[in-house]
Amino acid sequence: MQVSVIIAGFGGQGVLFAGLMLAYAAMDRDLYVTWYPSYGPEMRGGTASATVVIGDEEIGSPVVLHPDAAIALNIPSFRKYEPLVKPGGVLVYNSSLIFEIPERTDIQYVAVPANAIAAEISDTRVANAVTVGALAAVTGMLPVEALIETVDRHIPAPRRATVLPNQEALERGAQLAAELLKQSSPSALPHYER
Amino acid sequence: MAKELLKGNIAIAEAALRAGVDAYFGYPITPQTELLEHMSRRMPELGRVFLQAESEIAAINMVYGAACTGAWAMTSSSGPGISLMQEGLSYIALSDVPAVVVDIMRGGPGLGNIQPSQADYNQLTRGGGHGDYRCIVLAPATVQEAIDLTVLAFDLADKYRTVAILAGDGLIGQMMEPAQLPPMRERSRTRPPWALTGARGRPPNSIAAFGLEAETLEAMNWRLQAKLQRIRQTEVRCETWLVDDAEILVVAFGSVGRIAKTAVREARAHGIRVGLIRPITLWPFPYKPIEQAAAHARAVLVVEMNTGQMVDDVRMAVCGQAPVYFHGRPGGSVPVPEEILERIVELSKED
């Protein structure tokens, strides 16, 4: 069983780190995981992405055309990945910056005002973690508590000041998604509650 | 030791350190630069040599010089840099000294781009430089295998006094996966008797990449070939998966090998009898396992991130027993499992 996620946004929005949170949390739960970044010119201004595949068996392709879920942090990413998410999948998007009207009826949209929530935590850098928290809560692919623990375990010494804001952001994203879930049916994606 | 989430490039660098590399010489190039960066920090920490050369030509000749003194020396680069190193590799080959080279392949020809590619296959497996020689070429499909094959590269280079190349691509270099590093090896090696160490109290050694008389150079060539023949006989490695009853045989190496595995798994779920051979040593090439698997196959499909290079070796191995088809993505495009599955399904429908 496998679940794939593509996280995309402008370089600087923390796309790669958002993917790392998922990857570390999966590894900490003894799951197989691959993390593959875009490393081309997009790092310097265009749209960057990270592809994360998590599974309970050996992972073949770390490259995914149709992900089970996507996180879009900016408009170009929303436009790129909205048509690519697998039917039945989930698209979490940053509604602080994305005002597009969803076009598909066969995927679940989760609008998260990530920048606004991050600003409330008084650290706009953690908008990425807000969306990761929401993704985890909606899909159930990893428990939010696992992500919160992972952030504490793996953020290295020079950046320890970011642990608490990231944890709060994960929690806020998860809370928001839980409220949204009450209004709609939960996702049928595979999840790992080890 | 516990697993760590490791980026391919850094895993290779750290594995080389732990295997016992004495000296690293290199010049930065995407998509392998993290390897050099890691070395620039760790080698001085360990009291070993890190030197950023002025060019790849300089780097490979520094490797050559260090290797002549009995040191374990290495370099790393990507396509354009590996091309510049070919003269040095040819010299090292005739000199019978060990060296390890890492090629994290990117789109070519020319400057190409920095995306993943397997287009250096011919250059790496045919020798690449002038003259009759081959290098051992190892192709990892996972970060863990990149670690294991890096250690193996040093051991084989040392055992056979030859060049061993780790052939990864941008995908292997840039991706992260949980993997386990080996413990740091004890470094109590004595310098080999052939090494150039100053000749105090002993007759001088000589290492040369030339033999001016025809008889001399011919004899050197045959000696080199005898060594390469020993490597062909003993060092072939490949992964075979679900080939016993396979009517369709997929052959793919490195990162494409693992991508093809996903397609093979899905095709099996559709009831198609398909198997995978993933060459781990690109040289020496696993001709025999492919020949045997092809004996009961209706079709062979080769998938590569280039326009068709390993497919020639597969054709030689299959030797007309079954038709050989090719699916390739050049220029930095990475094939996805869906497109490989599509080709497998097409082939399964043919009579």
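Before the first selection, a word on domains: their bounds come from an automatic or database domain assignment. What you have loaded is a predicted model, where local features need pLDDT of at least 70, side-chain atom pairs count only at pLDDT 80 or more, and totals for chains, interfaces and linings use all residues. Residues are numbered from 1 along each chain as its sequence is written, while chains are lettered from A and ligands numbered from 1 in the order in which they are written.

**Stop 1: chain B, whole**

You'll find 13 helices and 14 strands in chain B. Here, helices (H or I, at least four residues) and strands (E, at least two) are DSSP runs, numbered from the N terminus. Along its principal axes, the C-alpha atoms of chain B fill a box of roughly 75 × 50 × 40 Å.

What radius of gyration does chain B have? The value is 21 Å, which agrees with the figure near 20 Å that a compact globule of 351 residues would have. (The radius of gyration is taken over C-alpha atoms, and the globule rule is 2.2 Å times the number of residues to the power 0.38.)

Of the 351 residues in chain B, 54% are buried. A residue counts as buried if 20 or more other C-beta atoms lie within 10 Å of its own, exposed if 12 or fewer, and partly exposed in between, with C-beta atoms placed from the backbone.

**Stop 2: the two domains of chain B**

Now colour chain B in two parts: domain 1 is 4-184 + 207-234, and domain 2 is 238-349. The C-alpha centres of domain 1 and domain 2 of chain B are 27 Å apart. Where they touch, 28 residues come from domain 1 of chain B and 22 residues from domain 2 of chain B. Two residues are in contact if their C-beta atoms, placed from the backbone, lie within 7 Å.

Which element of domain 1 of chain B gives the most to the side that touches domain 2 of chain B? That's H6(B), with four residues. (Ala, Val, Leu, Ile, Met, Phe, Trp, Tyr, Cys and Pro count as nonpolar, Asp, Glu, Lys and Arg as charged, and the others, Gly among them, as polar.)

**Stop 3**

Most residues other than glycine have a negative phi, and most peptide bonds are trans. Let's visit a few spots that go the other way.

- Zoom to Thr30(B) and Pro31(B): the peptide bond from one to the other is cis, with omega near 10 degrees. Pro31(B) is in the loop between strand S2 (23-26) and helix H2 (33-45) of chain B.
- Go on to Gly108(B) and Pro109(B), joined by a cis peptide bond with omega about -5 degrees. Pro109(B) sits in the loop between strand S5 (99-105) and H6 of chain B.
- Pick Arg161(B), which isn't a glycine but has a positive phi near 50 degrees. Look for Arg161(B) in the loop between helix H7 (143-160) and S7 of chain B. With 16 other C-beta atoms within 10 Å, Arg161(B) is partly exposed.

**Stop 3: where chain A meets chain B**

Bring chain A into view. In this contact, 15 residues of chain A meet 20 residues of chain B. On the chain A side, helix H1 (15-28) and strand S2 (32-37) each supply at least two residues, and S2(A) gives the most, with five. That side of chain A has eleven nonpolar, four polar and no charged residues.

Between H1 and S2 of chain A there's a loop holding Asp30(A). Asp30(A) has a positive phi of about 60 degrees, though it is not a glycine. Is Asp30(A) buried or exposed? It's exposed, with 11 other C-beta atoms within 10 Å.

**Stop 4**

Show side chains for the contact: among them are Met21(A) and Tyr24(A) of H1(A), and Leu147(A) and Val151(A) of H5(A).
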